[in-house]
Amino acid sequence: MRQQIAQQPPVIRIDDLSFRFEHGPPVLEAVQLEVAARDFAVIIGPNGAGKTTLFRMINKLEEPDEGTLKIGETVDLAYVDQTRDALD
């Protein structure tokens, strides 16, 4: 017998997120993403695809031009910035 697991709301939800740098082409366009509790998410893509910009938005270091980004109250984010400027 298969046990049903109650579906939890996502801990990170991104709806129609778009971003462009001033006078530039779109870096992110209509991004959709949901991350559930205990999920591991991997974002891959070529240089210039917007991966770092997306992580900067998730960490509230950039604001999207359009769309919504919701992060659960109990989420504890951690990542290593590719420039590593904050490391001693």
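## The aromatic pair

Phenylalanine 21 is partly exposed, at a relative accessible area of 43%, whereas phenylalanine 19 is buried at 7%. Here buried means under 20% relative accessible area, exposed means over 50%, and partly exposed lies in between (1.4 Å probe, protein chains only).

One aromatic pair is found in a search of the whole structure. The rings of phenylalanine 19 and phenylalanine 21 have centres 4.8 Å apart and planes at 90 degrees, so the pair is edge-to-face. Rings of Phe, Tyr and Trp (its six-membered ring) pair if their centres lie within 6.5 Å; planes under 30 degrees apart count as stacked, over 60 as edge-to-face and the rest as tilted.

## Model and overall layout

This is a predicted model, in which local features need pLDDT of at least 70 and side-chain atom pairs count only at pLDDT 80 or more, while totals for chains, interfaces and linings use all residues. Residues are numbered from 1 along each chain as its sequence is written, and side-chain values use heavy atoms, with hydrogens and water left out.

Helices (H or I, at least four residues) and strands (E, at least two) are DSSP runs, numbered from the N terminus. Of the 88 residues, 17% count as buried.

## Salt bridges

The whole structure holds three salt bridges, each defined as a side-chain nitrogen of Lys or Arg within 4 Å of a carboxyl oxygen of Asp or Glu. Glutamate 62 is bridged to arginine 56, with the closest N and O atoms 3.4 Å apart. Both residues are partly exposed, glutamate 62 at 22% relative accessibility and arginine 56 at 26%. Elsewhere, shared partners join Arg13, Asp15 and Glu34 into one network.

For glutamate 34 and arginine 13 the corresponding distance is 3.3 Å. Glutamate 34 lies in strand 2 (residues 26–35) and arginine 13 in strand 1, so this pair ties together parts that are 21 residues apart in sequence.

## Other surface positions

Glutamine 8 sits in the segment before strand 1 (12–20) and is exposed, with a relative accessible area of 52%. Its C-alpha atom is 7.5 Å from that of alanine 37, a residue 29 positions away along the chain.

Aspartate 65 is in the loop between helix 1 (51–58) and strand 3 (66–71). At 47% relative accessibility, aspartate 65 counts as partly exposed.
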